[in-house]
Amino acid sequence: MRRALVSLGLLLSLTSCSLTEPIPIKGEVVSCTSIKVQNSDSQPLDCLDGSNGVSVDSIVGPALINVWGSWCEPCKAEIPYLREFYDKYNDQVALVGLDVEEPNKEAARPFIENHGVIWPSLFDPDGRTRKLIGMGVPVTWFIDASGKVIYKKVGAFKDAKEIESLAKKHFNLQ
C-alpha cells in the first residue's frame with residue numbers, strides 16, 4: 001500500500017512539473033483598407049491602426065462585424081474561436097472588429113496584440129454606433145453581400161464550430 005502511495009505521489013509530481021502555459025498567439029493592429037464597403041452618408045469610424053476608417057453601415061459581406069471592448073471578459077474568451085474561424089475562412093468571409101466603450105484608441109492596442117486579433121478593427125470613440133448596435137458586448141453581426149444584417153449573435157461564441165455553423169447557414173459556405 002505504501003509503495004502504491006509513493007508511486008502515485010511521484011507520478012503526480014512528475015506530471016505537474018510538465019504542465020506548461022499555452023504560448024500566446026500574437027496579434028497585430030491591422031489596416032482597414034481591406035474592408036469592402038459601399039457608399040454611405042454616415043460618418044466613418046476611425047480605424048485602430050490610424051488608416052482611413054469606414055462607417056459600419058457601409059460594410060458589405062459576406063462579413064462578420066464583431067463588437068468588443070478590451071474590458072469585456074466574454075470578448076476575450078471568444079477571440080480564439082474567432083481567430084480559428086478567421087484562419088480557416090478569411091478568403092471567404094471578412095472579419096471586422098468594432099471596439100466600443102474605450103477611453104481612447106490606445107487602450108485597444110494591448111488587447112489586440114495580446115489576444116491574437118489579426119483582422120481590422122474600427123473604433124467608436126463616442127458611442128455613435130449604440131443606436132445601431134445597442135448596448136452590451138460581445139455582439140457579432142453577419143452582413144451579406146448587399147450590406148444587410150442577416151443575423152445578429154448576441155453573446156460570446158462558445159467555440160469555432162458555432163461560428164462555422166452559423167456562417168455556413170447564413171453565407172452558404174461549403
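Biologist: Is tyrosine 151 buried, partly exposed or exposed?

Modeller: This is a predicted model, and the areas in it are computed. Tyrosine 151 has a relative accessible area of 27%. Buried means under 20% and exposed means over 50%, so tyrosine 151 is partly exposed.

Biologist: Which class does phenylalanine 142 fall into, buried or exposed?

Modeller: The relative accessibility of phenylalanine 142 is 0%. The cut-off for buried is under 20%, so phenylalanine 142 counts as buried.

Biologist: How many aromatic pairs are found in the whole structure, and what is the geometry of phenylalanine 142 and tyrosine 151?

Modeller: The search of the whole structure gives five aromatic pairs. For phenylalanine 142 and tyrosine 151, the ring centres are 5.4 Å apart and the planes meet at 75 degrees. Centres within 6.5 Å make a pair, and planes over 60 degrees apart count as edge-to-face. The pair is therefore edge-to-face.

Biologist: In what pattern do the helices and strands follow along the sequence?

Modeller: The protein has five helices and six strands. Read along the sequence, their order is α-β-β-α-β-α-β-α-β-β-α.

Biologist: What percentage of the contacts between residues at least 6 apart in sequence join residues at least 24 apart?

Modeller: A contact here means heavy atoms within 4.5 Å. Among contacts in the protein between residues at least 6 apart in sequence, the share that joins residues at least 24 apart is 68%.

Note on methods: Residues numbered from 1 in each chain as written. Predicted model: local features only at pLDDT ≥ 70, side-chain atom pairs only at ≥ 80, totals over all residues. Heavy atoms only, no water. Phe/Tyr/Trp six-rings, centres within 6.5 Å; stacked < 30°, edge-to-face > 60°. Buried < 20%, exposed > 50% of the residue type's maximum accessible area, 1.4 Å probe, protein only. Helix = DSSP H or I, 4+ residues; strand = E, 2+ residues; numbered from the N terminus.
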